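Please look through the sequence and the model below before reading on. The paragraphs that follow go from strand pairing to the sheet and then to aromatic rings.

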Amino acid sequence: MTTVERRRSPNGFNLVPPPGWDVIPLRTGTREAMDRIVRKAVAQLPAGFPKDDIPKARLKLTHEMKKVVRRASAKGGMTLYLPTEPLHGVTLPVSILASEPIEIPRISPNSGPEAVLATLASVTSAAETRILDGVAALRSERDVPADTDKGVDVAHRRVEYFVPVPDSRPDQYLSFSFSALIAPGSDSAFYDILVELFDAVMGTFRWSYA
């Protein structure tokens, strides 16, 4: 009798953010990452910035950082990626959130993640398949209008990747969400470029077995 060896499921992933971005882990080490980012932001204040106003600026930055982290954690976030250095004098209003793995039952005993992705694609606008480190993932993109009744304060462009974890039992899935705030009257081509940046980041995705 031949014993079929079960392949090992990855226990993590690696993603390479763009230069000038920082990573905030939301499980452990969150406080240390936030403190590092605030210190960096304070160090980047203009040379003529009043010294007496630095503590106030530090408190404001810390407050804003805590608010962003709370929102990411409330969405089931596992890792948050943020631009923390200006690009041509502008800090991009974007973020990438990697969420905790979720379990989804198989559609039938003999089906696999591909059946789940196909079902999701059938009910998701602008969905398409992308390959990430050898695994088929579902990608979708849409503009989300501001709607305070639904808790959406500012309109934004959202791109999501839904990725099956290979050889996981039960089947698990990761999600990666990119959000770019849309300023009134702004050029949509600018957001197309930001989306291309996110797609390039997802192209660096690799499973980790360490």
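Strand 3 (residues 77-83) and strand 4 (residues 94-103) run antiparallel to each other and are joined over 4 bridges, where strands are DSSP runs of E with at least two residues, numbered from the N terminus, and two strands pair if DSSP finds at least two bridges between them. Within this pairing, threonine 79 has alanine 98 of strand 4 as its bridge partner. The model is a predicted one, in which local features need pLDDT of at least 70 and side-chain atom pairs count only at pLDDT 80 or more, while totals for chains, interfaces and linings use all residues. Residues are numbered from 1 along each chain as its sequence is written, and side-chain values use heavy atoms, with hydrogens and water left out.

Strand 5 runs antiparallel to strand 6 (residues 135-144), to which 5 bridges join it, and glutamate 128 has arginine 139 of strand 6 as its bridge partner. The hairpin of these two strands has 2 residues between them, and there aspartate 133 takes a positive phi near 50 degrees.

Turning to the aromatic rings, a search of the whole structure finds 8 aromatic pairs, counted for rings of Phe, Tyr and Trp (its six-membered ring) if their centres lie within 6.5 Å, with planes under 30 degrees apart called stacked, over 60 edge-to-face and the rest tilted. Phenylalanine 13 and phenylalanine 176 form an edge-to-face pair, at 5.1 Å centre to centre and with 85 degrees between the planes. This pair links distant parts of the chain, as phenylalanine 13 lies in strand 1 (residues 12-14) and phenylalanine 176 in strand 8 (residues 172-181), 163 residues apart. Both phenylalanine 13 and phenylalanine 176 are buried, a term that stands for under 20% relative accessible area, with exposed over 50% and partly exposed in between (1.4 Å probe, protein chains only).

The pair of phenylalanine 162 and tyrosine 173 is stacked, because the ring centres are 5.1 Å apart and the planes are at 5 degrees. Phe13, Phe176, Phe205 and Trp207 form one aromatic cluster.
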